[in-house]
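These are my notebook entries on a single chain, written as I went from one local feature to the next.

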Amino acid sequence: MMLKIGDSAPDFTLKSKNITGEVKDYSLSDYKGKNVVLLFHPQAFTGTCTDEMCTVSEGFEYYSSLNAVVLGISVDSVFTLDAWAKQNHITIPLLSDFNREVIEKYGTRYPDGAFVFGMNGVSRRSAFVIDKDGKIRYMEILEDAGKLPDFDKLKKC
């Protein structure tokens with residue numbers, strides 16, 4: 001079933017390395033009472049993904065002022081995401097959906113063979129805004145991995 005605005009956002013628990021280098025679980029349900037921005041991206045160490053996460057990291061204060069948490073999600077491993085964050089000074093949590101469960105729940109997975117070089121199991125670049133009650137208030141799933149979400153619309157949610 002395809003998600004739509006007003007639906008309850010599917011809960012998940014994913015892993016990320018935190019600032020101390022420990023692997024930590026992040027669950028959507030941990031943020032009940034806060035707005036959450038989920039940014040799905042295809043792969044670390046690619047140009048558009050790096051631009052997106054660096055831009056969001058640089059504007060992090062804006063999201064914090066809205067009582068919002070921003071989480072990046074990709075199918076890369078926690079180790080790859082940790083190296084990417086360190087190399088590019090990305091400050092938002094980058095969560096590993098290595099088992100591809102969350103991209104399936106959110107309907108962001110490219111069809112097999114549709115991503116570059118015929119790669120399978122990669123997420124479309126997507127943005128979801130989830131409100132304090134866990135409802136989806138904004139969603140944008142892009143077909144073109146070279147495009148960025150409409151951050152102006154996202155910020156109005």
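I looked up His-89 and found it in the loop between helix H3 (78–88) and strand E5 (94–96), where helices (H or I, at least four residues) and strands (E, at least two) are DSSP runs numbered from the N terminus. The model is predicted, so that local features need pLDDT of at least 70 and side-chain atom pairs count only at pLDDT 80 or more, while totals for chains, interfaces and linings use all residues. Residues are numbered from 1 along each chain as its sequence is written, and side-chain values use heavy atoms, with hydrogens and water left out.

His-89 has a positive phi of about 60° although it is not a glycine, and this comes just after H3. I noted beside it that most residues other than glycine have a negative phi. With a relative accessible area of 63%, His-89 is exposed; the classes I use are buried for under 20% relative accessible area, exposed for over 50% and partly exposed in between (1.4 Å probe, protein chains only).

Which residues of H3 are buried? I listed Val-78, Leu-81, Asp-82, Trp-84, Ala-85 and Asn-88. Seen down the axis of H3, these buried residues fall within an arc of 165°, so they line one face of the helix; the arc is that of the directions from the helix axis to the C-beta atoms. The face turned away from the buried side carries the exposed residues Phe-79, Lys-86 and Gln-87.

I then turned to Arg-100, which lies in the loop between E5 and H4 and has a phi near 65°, a positive value in a residue other than glycine. At 24% relative accessibility, Arg-100 counts as partly exposed. Its charged end sits over the ring of Phe-98, 5.8 Å from the ring centre; for this I require NZ of Lys or CZ of Arg within 6 Å of the ring centre and within 35 degrees of the ring normal. I recorded Lys-24 as well, which lies over the face of Tyr-26 at 4.6 Å from the ring centre.

Is Ile-103 buried or exposed? Ile-103, in helix H4 (residues 101–105), is buried, with a relative accessible area of 0%. Leaving aside neighbours within four places in sequence, I found Ile-103 in contact (heavy atoms within 4.5 Å) with residues including Phe-40, Val-75, Asp-97, Arg-109 and Val-122.

Entry 6, aromatic rings. I counted five aromatic pairs, taking rings of Phe, Tyr and Trp (its six-membered ring) as paired if their centres lie within 6.5 Å, with planes under 30 degrees apart stacked, over 60 edge-to-face and the rest tilted. Phe-40 and Phe-128 form an edge-to-face pair, 5.7 Å centre to centre with 75° between the planes, and this pair links strand E3 with strand E6 across 88 residues. The rings of Tyr-106 and Phe-128 have their centres 5.1 Å apart and their planes at 80°, so this pair is edge-to-face. Tyr-106 and Phe-128 are buried, and Phe-12, Phe-40, Tyr-106 and Phe-128 form one aromatic cluster.

Entry 7, salt bridges. The count comes to seven salt bridges. In one of them the side chains of Lys-15 and Asp-25 meet at 2.5 Å, N to O; Lys-15 lies in strand E1 (residues 13–17) and Asp-25 in strand E2 (residues 23–27), so the pair ties together parts that are 10 residues apart in sequence. Arg-137 forms a salt bridge with Asp-131, with the closest N and O atoms 2.7 Å apart; Arg-137 is partly exposed at 39% relative accessibility, whereas Asp-131 counts as buried at 13%.

Notes. A salt bridge is a side-chain nitrogen of Lys or Arg within 4 Å of a carboxyl oxygen of Asp or Glu.
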